[in-house]
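Here is a short tour of a protein model. Have the sequence and the 3D view at hand as you read.

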Amino acid sequence: MMAKLDMNKISLASGLTGVVLFTICYVLYMILPNMMYVASIKMFHSIQIMNQFNPSFSGFILGNIYMFIATYAIGAIFAYIYNFLLKK
């Protein structure tokens, strides 16, 4: 039988993964703004959001907080659904 997932560990791992990915994207934007602008247009179907991006330290911290909360919640939902389906 498959093992039940620990919701707290999955959520924390998801949240920290989100923070790492956000940080990588933020650093890449600081180093290669034009390339990241073009990539964002292609990924988000030509929605031009990058021209509104004004990098700052407070924005970096706030973005990481938002990303952690969102990906933590996604991890919790994933673990909950997995554990629920495991019972079936």
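The accessible surface of the protein comes to about 6,800 Å², and 74% of that belongs to carbon and sulfur atoms. Do keep in mind that this is a predicted model. Buried residues account for 20% of the 88 residues. The secondary structure consists of 3 helices and 0 strands, following the pattern α-α-α along the sequence. Among contacts with a separation of 6 or more, 83% join residues 24 or more positions apart.

Now to helix H1. Its 25 residues reach 36 Å from the first C-alpha to the last, close to the 36 Å expected at 1.5 Å a residue. At the start of H1, the backbone nitrogen of asparagine 8 has a side-chain oxygen of aspartate 6 within 3.1 Å.

The helices named here span these residues:

| Helix | Residues |
|---|---|
| H1 | 7-31 |
| H2 | 33-43 |
| H3 | 57-87 |

Which residues of H1 are buried? They are Ser11, Gly15, Gly18, Phe22, Tyr26 and Tyr29. The cover over these buried residues includes helix H2 and helix H3.

Conventions
Residues are numbered from 1 along each chain as its sequence is written. This is a predicted model: local features need pLDDT of at least 70, side-chain atom pairs count only at pLDDT 80 or more; totals for chains, interfaces and linings use all residues. Side-chain values use heavy atoms; hydrogens and water are left out. Helices (H or I, at least four residues) and strands (E, at least two) are DSSP runs, numbered from the N terminus. Buried means under 20% relative accessible area, exposed over 50%, partly exposed in between (1.4 Å probe, protein chains only). Contact means heavy atoms within 4.5 Å. Accessible areas come from the Shrake-Rupley method with a 1.4 Å probe; for residues, only the protein chains shown count as cover. The expected span of a helix is 1.5 Å times one less than its number of residues. A polar contact is a pair of N or O atoms within 3.5 Å; within protein, one must be able to donate a hydrogen and the other to accept it, and residues adjacent in sequence count only if both atoms are side-chain atoms.
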